[in-house]
Amino acid sequence: MIAIIASLLLTIAIGLLGPSAMVPDLGGPAWLPPFSLDVRPDPHLVIAMAAAAVVLGGLGLFTGLTATRRVSPRPAAAPAHVPSPPHPATGAPDPATGPAHPATSARDSATSPARPATSAPHPSTGDSSHVSASARLLVLIGCVAAGLLAFLPPSGSGDHLNYAAYGRMVVLGVNPYTHGAVDLPGDPIARAVEEPWREEPSVYGPVATGTQALASWVGGDSLRLTMFVLAVLNSAAFVATGLLIDRSTRHDPGRRLRAALLWTANPLLLYQLVAGMHVDTLAVACMIAALLARARPLGSGALLGLGVAIKVNAGLVALGPAWELRRRPGRLALMAGAALAVVIAGYAVVGTDAISPVTRTSKAISHASYWKLVQGWLQTLVGPGSAYRGEIQIGSLLVLVLVAWSLFRLSRRLDPVGSPAAGPAGKVAGPPAEVVAAVLVGAYVFATPYILPWYDGMAFALLALVAATAFDGFLVAHLLVLSLAYLPARVIVLPDDLGWLRAVVRPQVVPWVLLALTATLVWWAWRAAGPVRTRPVPAGRPS
C-alpha cells in the first residue's frame, strides 16, 4: 500500500511541477485549468521521479497481488454427486454453494479467489469484511487520484497534443484523416503538436475524433481548456471502468481487492492512461461495459461498436461474446448487427479516408518491441534492402496464436466465479466471454510488433474480470518494463548524460527483456496447464 501511494504521489507531483521533459507546455493563462506550479524542473529530476513512480508502482502491484492470494480463503470442494443450485440472477453456479461439478472443484481451489461462505477466513488477515474495506479504500484512492490528475497537465507523452489538433481540424472543417497539424499554420492549437507527428493524420476511430472535436468546440482557441475537457472525459472513463469492475466483483472480497489493484488503484495505469491521457481509456470503458452488459445483446453490441470506433484493436474483445454466443445464433446476430451498425455509421460520417491511416500504421514496429531485433537480424542475414514488415506481420501472428493457445489451455483456471450469463439459461459451453477476451488481448500485447505502454490497459481491465493466476505478474512485468522504456515518450532533446535512455534502454535492453518475458510466459502456461496436483486427504476417524 505504501509503495502504491508513493507512486501515485510522484505521478501527481510530476504534473503539478508543470512543463518539463515529462510535461509538454500548454501555454495560456495560469488561472485556467489544468493547473500547475510552473516550476519547470530539471530533466534529471523529473525523469528520476517518473522512474521512481514506475518502479514503486510495479513493486506495490507485485506485493499487493501476492497478498491477495493469501487474503482469499480457499473454497471447499463440492462433492461430486451434489450439483450446485443455479444463481437466481445469472443461472451460473451459486458462489455460496461451490462449483457445479467436480472438475471445477480442484481447479477453483488451486487458482480462483475464494467464496467466503464455504470456509473460514485466513487467520492472519482477518475476515472478509476487512478485505472488502481494503478493496473499497483502494477504489477510493484510485478514483481520487484520477480526479486530481484531470486538473493537472498531462505527462509522459505528447499524444494529447495530437488529440487537440485533430479536434481542432474537425471544428475548422479540415479532414483530420488526410491532414496533419502542419496544415494549420499559425493555429494556436496545431502549433503545439510535437515532432515527428506534425504531418501525421489521425489514426483513431470516428468516435474518438468526435470526443476530440467536442473538446475543441468547448475549448475554442485555448489549448489549456481543450486539454482540460479531454482530461475530464478521460478520467471519467477510467473511474467509470473501475466502478463497473468493482460492482461486478463485489460478491467476492478477494476478487474485489485484486480487481482494485489491477485497475482502479493500479499506479502504472494511472501513470499511463490518466496522467498520460491516452484515448485507449475510452475504448476500455466501452468494452468492459459491453462485456458486463452482454445479457442484453442489443446494448452490448452498441457498446462494442463504440469501442471499435474509438480504436480498432479493441475489436479483439468482441470475439469473447461472439464465442460465448456461438450456439445462440439469434442473440449473436443481434449483438453483431448492433456493433456493425455503430461502426458503419461512425465511418460513414467521417468517410473512407479514416481507414487508410489504420492500415498504414498496422505495419509499424515500435522501438521497444522485440520484433525490432528480428528486423535487424533479417537485415543482417538476408539484406538491408527491405524493412521486412510483411514477414514480421506473419511472424507476429504466429506468436499471437502460440501465446493465445498456451493461455487457452489455462482457460478453465481463469474462469471467474459468477460470470454474467450469456442468456436466460446462463449455460455457456467452454470459457466465458471475459476469459476469451482476456486471453486474446493478453496474447496481442505480448505478440504485436507495435506496442506502447498504454496498450496494456485493455489487458489489465479484462484480467480484473477473470480468476487470479501467475499471468497477473507477467502482465505487471510487461507494463513495468515498457513504462521504463519510454521515459519520456516524447521526441525531445535530452541532456547528453541521459541519451542512454533512448539509445540503449529502449532499443537494446527492453526488447531482449520482453522477448525473454514472452518466452517465459509460454513456458509457464504450458506447465501450468498440466493436471493440478493435490495432496490426498487423510481419512479421518468417524465422529
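Is Asp-38 buried, partly exposed or exposed? Hi everyone, let's start there: Asp-38 is partly exposed, with a relative accessible area of 42%. For the term itself, buried means under 20% relative accessible area and exposed over 50%, with partly exposed in between, using a 1.4 Å probe and protein chains only.

Before going on, a word on the model. It is predicted, so to speak of local features we need pLDDT of at least 70, side-chain atom pairs count only at pLDDT 80 or more, and totals for chains, interfaces and linings use all residues. Residues are numbered from 1 along each chain as its sequence is written, and side-chain values use heavy atoms, leaving out hydrogens and water.

Now to the salt bridges. We call it one when a side-chain nitrogen of Lys or Arg is within 4 Å of a carboxyl oxygen of Asp or Glu, and by that rule there are 10.

Asp-38 pairs with Arg-40, at 3.2 Å from N to O. Arg-40 is partly exposed too, at 45%. Together with Asp-25, these residues are linked in a network of salt bridges.

Next, a buried pair: Arg-168 and Asp-187 are both buried. Their closest N and O atoms are 2.9 Å apart. Arg-168 sits in helix α5 (residues 159-172) and Asp-187 in the loop between α5 and α6 (206-219), 19 residues apart. Helices here are DSSP runs of H or I, at least four residues, numbered from the N terminus.

Last, Arg-258 meets Asp-472 at 2.7 Å, N to O. Arg-258 lies in helix α8 (residues 253-262) and Asp-472 in helix α20 (residues 471-485), so this pair ties together parts 214 residues apart in sequence. Arg-258 is buried at 2%, and Asp-472 is buried at 4%. Thanks, everyone!

Definitions and conventions
Helices (H or I, at least four residues) and strands (E, at least two) are DSSP runs, numbered from the N terminus.
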